[in-house]
Amino acid sequence: MKLPRRRTTEGKVMWQTTFFASVATVCVLAAVHAMRRKPRDVSALPALSEEVKALLRSGRKIAAIRAYRRQCGASLLEAHRVIARHAD
């Protein structure tokens, strides 16, 4: 006489855990990607202030970028593009 096989749920639980962990990972990655800030068009950013212009005239490009970011709330990339355009 054969004994009936015991059914275990370990395999099912492992599969469900892996599936839900994968779905959660994809959701988190999608949210992070959606929150990434895209750089704005340089022409849409505010003009340079007198302080920033003075820093550029004195050759202090990094200080000008820092001042522009503080005044306008621009990202590093946006501020660098604006300063580079006006430095030439």
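The protein chain exposes about 7500 Å², and carbon and sulfur atoms supply 61% of that (Shrake-Rupley areas with a 1.4 Å probe; for residues, only the protein chains shown count as cover). Keep in mind that this is a predicted model: local features need pLDDT of at least 70, side-chain atom pairs count only at pLDDT 80 or more, and totals for chains, interfaces and linings use all residues. Residues are numbered from 1 along each chain as its sequence is written, and side-chain values use heavy atoms, with hydrogens and water left out.

The chain has four helices and zero strands (DSSP runs of H or I, at least four residues, or of E, at least two, numbered from the N terminus). Of its 88 residues, 18% count as buried (under 20% relative accessible area; exposed is over 50%, partly exposed in between, with a 1.4 Å probe and protein chains only).

Now the salt bridges: the structure holds two (a side-chain nitrogen of Lys or Arg within 4 Å of a carboxyl oxygen of Asp or Glu).

| Salt bridge | N to O distance |
|---|---|
| Glu50 and Lys53 | 3.9 Å |
| Arg70 and Glu51 | 3.9 Å |

Glu50 and Lys53 sit three residues apart in helix H2 (residues 50-57), about one turn of the helix. Glu50 is exposed at 55% relative accessibility, while Lys53 is partly exposed at 32%. In the other pair, Arg70 belongs to helix H3 (residues 61-72) and Glu51 to helix H2, so this bridge ties together parts 19 residues apart in sequence. Arg70 is exposed at 58%, and Glu51 is partly exposed at 40%.
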